[in-house]
Structures are given as structure tokens and as C-alpha cells.
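Dear colleague,

I am handing over a structure for your study. Please look through it first; a summary of the findings follows.

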Amino acid sequence: LDRMMPNVSKNVINIALQEEEYYRHVDKLNKMLREYYNTINSLKDVEKNLLSEQLKELQSKLDEGADSHYLSSLGLNDFTASCINEIKRFNDKKNKVEEKTRNIEDIIKTMEEAKVIREFDFSNYSKKLSDDFFTLQEFLNYFDKYLHTEIEGLSDKYMRIGETMLPQIAMAIYEKNDQKLPKMRMYYYYWERRVYNALVKMIIR
């Protein structure tokens with residue numbers, strides 16, 4: 001180029017020589033941004049609220065890209081690598097939260113689908129001889145024993161949410177094994193409402 005056009009600026013020549021490197025950096029940046037948007041777009045609203053501090057840290061890391069970076073410097077490579085590491089760190093926390101969330105969802109689904117009133121085939125029972133009929137106490141026991149067993153099992157599952165799963169989520173995010181973190185107040189409220197709605201569905205179904 002400099003032989004064909006002797007008056008061409010050295011800056012123009014340098015840019016032409018670095019074209020391949022330029023597109024290589026563009027490709028890296030695009031891959032990094034795709035990973036970022038895939039991560040952010042997969043979050044539910046309640047998870048965005050829970051991970052708000054971590055999201056700000058991640059966004060702050062990407063905001064460094066607003067500064068000028070030269071192809072000839074190590075700044076651009078360092079910026080891309082730093083963002084990728086921050087996205088990975090965020091994803092590690094996000095995946096831990098999602099794993100425990102799935103466990104809580106399973107418990108809530110169990111509550112919604114639970115049948116605490118034992119079924120009784122009255123049509124066949126009416127065909128029995130009178131001597132084979134339940135006494136009143138036997139009839140009550142038939143339902144009460146099943147009811148108490150089901151409620152006890154559901155209670156144990158419910159207790160695991162507050163005593164085990166939510167503290168594990170707190171540990172994954174804040175490295176604190178706590179059941180009453182003020183930062184997670186809205187997250188606790190979200191699951192309280194989910195449990196309440198599950199119990200309502202269980203009762204009316």
C-alpha cells in the first residue's frame with residue numbers, strides 16, 4: 001500500500017496491517033457478549049433481585065469497555081479475559097442458586113399435588129354385609145392416620161426449605177450460612193407466597 005501510494009499516512013498502513021487482529025478481537029468480544037446476554041436473559045425476576053449486587057459487579061466489569069483500548073496494547077485482551085472470568089464467576093453462583101431452587105420447586109409441587117384426604121370407595125363399601133362395616137372410631141382412624149402421615153411428611157419437606165435450602169443459597173451468594181439475611185428479605189417473601197399458594201391449591205383441589 002505504501003509503495004502504491006507513497007503519501008499514505010503510517011496510521012492508515014498500521015490499521016490495514018492489523019485488520020486480521022482487529023476482527024479476531026471483535027470475534028472474542030462478540031462471544032463474550034453473547035455469553036453475558038445468555039446469562040442475564042435466563043434470569044427470572046426474583047433471581048435478578050436476589051443477585052442484584054452480583055449483577056452490578058458484573059455490569060461494572062463490562063463498563064470498563066467504555067475506555068479506549070488499543071490493538072497494540074494488552075488492554076483489550078485483559079479486558080475480554082477479565083469479563084469472561086467475571087461472567088463465569090457469576091454463572092457459578094447462579095447455577096448453585098438454580099440447583100437449590102429446583103429442589104424447592106419440587107417440594108412446592110409435592111404440596112400442590114398432595115392428597116391429604118384419603119380416598120374411600122363408598123360404592124363398594126355399601127355392598128358389604130353390615131357385620132363388616134367400620135365402627136365410627138375405625139372410620140375416623142382410617143382417615144386420621146393417613147392425614148397425619150401426609151401432613152407430617154409435608155411439614156418435614158417444608159422445614160427443609162427454611163433450615164437447609166435457603167441457607168445454602170445464602171452461602172452460595174454471600175458466603176454466610178444464615179436463615180435471616182436482610183438482603184434476602186424479598187426472596188424469603190417470594191417463597192412464602194409460593195408455599196401459601198401451594199397449600200391453597202392442595203386444599204381446594
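Leaving aside its neighbours within four places in sequence, which residues is Ile104 in contact with? They are Ile161, Met165, Leu166, Ile169 and Trp191, where contact means heavy atoms within 4.5 Å.

This is a predicted model, in which local features need pLDDT of at least 70 and side-chain atom pairs count only at pLDDT 80 or more, while totals for chains, interfaces and linings use all residues. Residues are numbered from 1 along each chain as its sequence is written, and side-chain values use heavy atoms, with hydrogens and water left out.

Ile104 also belongs to the largest nonpolar core, which has 37 residues. Such a core is a set of buried Ala, Val, Leu, Ile, Met, Phe, Trp, Tyr and Cys residues joined through side-chain atoms within 4.5 Å; buried means under 20% relative accessible area (1.4 Å probe, protein chains only). Helix α5 gives the most to this core, with 9 residues. Helices are DSSP runs (H or I, at least four residues), numbered from the N terminus.

Glu86 has its place in helix α5 and is buried, with a relative accessible area of 12%. Beyond its neighbours within four places in sequence, Glu86 is in contact with Glu57, Leu58 and Lys61.

Glu86 also lines the largest cavity, together with Gln54, Glu57, Arg89, Phe90 and Lys93. A cavity is a set of points on a 1 Å grid over the protein atoms alone where a 1.4 Å probe fits but cannot get out, and lining residues have an atom within 4 Å of a point. Helix α5 gives the most to this lining, with 4 residues.

Terms used. Buried < 20%, exposed > 50% of the residue type's maximum accessible area, 1.4 Å probe, protein only. Helix = DSSP H or I, 4+ residues; strand = E, 2+ residues; numbered from the N terminus. 1 Å grid on protein atoms, 1.4 Å probe; cavity = no way out; pocket = protein on both sides within 12 Å on 5 of 7 lines; lining within 4 Å.
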